[in-house]
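I opened a new structure today and kept notes as I went. Here is the entry I began from.

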Amino acid sequence: MITVPAPAGPGAFVHPALFYRDLAEYLSGVGDFVRTALAADEPVLVAVPGPRLDPLRESLGTGGGAGITWTDMTELGRNPGRVLAALQEFADRHTGRAARIVGEPIWPGRSPAEVLEATRHEALVNTAFAGRPATVLCPYDVVGLAPDVVSDARRTHPTSIERGRDLPSPAYADASALAADLDRPLPEPAGPVARLAYSHGGLAQVREYAEEWARGTALSPARRGDLIMAISEAAANSLAHGGGKGTLRLWTVGGPATQEPEAVAGGPARAVTGVVAEIEDGGLLADPLAGRRRPSLASADGGRGLWMIHQLCDLVEVRATESGFTLRLHLATR
Amino acid sequence: MTPNTGAPAPLTALPMPDRAGARLSGSCDLDTRQALSTALGVVAGIPGPVVHLDLSAVVFLDPTAVAALVQASADLGGQGRRLLLHDAPYSLRKVVEMFPDECAALEVAA
């Protein structure tokens with residue numbers, strides 16, 4: 001039996017990590033949480049990887065799934081930068097009631113870049129939900145995930161549930177402390193890079209340059225359109241909030257190239273699996289939550305562009321340092 | 001490559017020869033914001049129950065431009081008239097998809 005977090009008092013936000021070792025612990029921990037919420041007539045969102053959804057539904061039994069919003073996290077959270085807006089939208093839809101959310105944004109097999117951005121998401125959950133009556137329970141597969149991923153979960157969650165015990169996490173750190181670690185330098189691309197500097201008056205040229213480059217990739221016309229929109233929003237943010245100028249870099253990535261150095265050094269042609277667009281400018285990320293809440297169409301701050309970028313891309317790497325602001329936009333080609 | 005310091009790609013509007021409306025050409029973004037505002041002001045002054053806006057020569061609209069179209073459509077609607085958009089580019093259709101409620105009043109010809 002796993003202890004379910006005690007009911008939160010008014011206005012209290014609870015964000016425990018649930019460290020599970022097997023499916024039985026998973027179903028027990030998540031199932032108890034969901035059943036407790038349903039018994040209290042609280043709105044429940046379950047956003048976990050697709051393969052976990054069916055066992056959970058089955059374990060909750062006939063009728064147990066009623067009143068639950070189910071979401072496949074491998075789709076919603078493919079880009080971890082999208083998740084927080086979705087969780088807040090769910091809570092907003094139930095104003096006046098305590099939202100109970102199961103969010104599992106990190107699962108075995110995610111790339112290090114995805115895990116880092118999902119860890120950033122986890123840290124920002126504390127900032128975004130501070131003072132809201134809600135619980136976000138985050139399951140972590142401690143057998144399948146690397147030890148450093150589990151260590152970081154202890155830093156992003158004020159409490160953790162482990163082997164049936166719900167305890168404070170001594171390693172917990174606030175989002176600003178974690179951001180310093182997460183904003184580590186990005187690796188330089190391995191292959192050829194196209195580069196364009198831009199400033200005011202140059203947005204059309206940025207799009208034309210990116211469009212011409214993208215035509216040489218395997219992106220579908222629609223995904224090419226999405227890439228151009230995302231790049232245009234990022235470049236427009238450079239002009240409006242990032243010092244009035246910036247640099248665009250474009251390259252392709254392939255699975256084998258990062259693991260087989262000979263493929264880079266003129267060996268066999270590597271299989272391209274995606275494209276990356278990097279936008280770098282002199283901006284500061286004044287609000288770490290920018291882009292992580294659904295904006296209005298008419299809003300004019302940089303958050304609307306960032307939110308759109310998160311929706312349009314499969315992964316967005318964010319780096320905000322003293323020297324400037326960098327976005328790496330990833331779109332898969334297969 | 002050196003930074004681009006050239007003039008923004010122009011946005012132009014020409015009257016349509018066969019019906020009440022205008023044909024926009026160019027890109028609608030931060031660099032052409034004022035030109036779009038001016039063009040939509042002219043379009044709003046075109047008489048008739050339906051004002052057509054041909055977007056077939058518009059390569060790109062950003063969300064602020066789409067918001068301006070929504071506003072122009074609402075303004076005409078307040079006068080009992082309609083703004084009908086033709087040949088919307090991908091960027092406009094995608095913005096409508098991402099902001100469905102706010103763009104619900106936009107009329108886009110099939």
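My notes follow, element by element.

**Ground rules.** I am reading a predicted model, where local features need pLDDT of at least 70, side-chain atom pairs count only at pLDDT 80 or more, and totals for chains, interfaces and linings use all residues. Residues are numbered from 1 along each chain as its sequence is written, chains are lettered from A and ligands numbered from 1 in the order in which they are written, and side-chain values use heavy atoms, with hydrogens and water left out.

**Strand β2 of chain A.** I looked up β2(A), residues 16-20, and found 5 of its 5 residues buried. Helices (H or I, at least four residues) and strands (E, at least two) are DSSP runs, numbered from the N terminus. Buried means under 20% relative accessible area, exposed over 50%, and partly exposed in between, with a 1.4 Å probe and protein chains only. Both faces of β2(A) are covered. P16(A), L18(A) and Y20(A) take one side, A17(A) and F19(A) the other.

Next I checked its partners. Two strands pair if DSSP finds at least two bridges between them. β2(A) runs parallel to β7(A), residues 159-162, over 4 bridges. A17(A) stands opposite S160(A) there. β2(A) is also joined to β6(A) by 4 bridges, again parallel. In that pairing A17(A) faces C138(A).

**Strand β5 of chain A.** β3(A), residues 44-48, runs parallel to β5(A) with 4 bridges. V46(A) stands opposite V102(A). β6(A), residues 134-141, pairs with β5(A) in the parallel sense, also over 4 bridges. Here A99(A) stands opposite A134(A).

**Helix α5 of chain A.** Residues 112-129 make an 18-residue helix that reaches 26 Å from first C-alpha to last, close to the 26 Å expected at 1.5 Å a residue. The expected span is 1.5 Å times one less than the number of residues. Where does α5(A) bend? I found a bend of about 25 degrees at A123(A). That is the angle between axes fitted to the seven residues ending there and the seven starting there. In α5(A), 14 of the 18 residues are buried. Just after the helix, G131(A) takes a positive phi of about 85 degrees.

**Rings.** I searched the whole structure and got 4 aromatic pairs over all chains. One of them is Y20(A) with Y26(A), edge-to-face, at 4.6 Å centre to centre and 65 degrees between the planes. Rings of Phe, Tyr and Trp (its six-membered ring) pair if their centres lie within 6.5 Å; planes under 30 degrees apart count as stacked, over 60 as edge-to-face and the rest as tilted. Y20(A) is buried at 2% relative accessible area, and Y26(A) at 0%.

R52(A) lies over the face of Y26(A), 4.7 Å from the ring centre. The charged end of R57(A) sits over the ring of W70(A), 4.8 Å from its centre. The test is NZ of Lys or CZ of Arg within 6 Å of the ring centre and within 35 degrees of the ring normal.

C28(B) has its nearest cysteine sulfur, that of C103(B), 14 Å away. C313(A) is buried at 0% relative accessible area, and C28(B) is buried at 0%.

Key
Disulfide = S-S within 2.5 Å.
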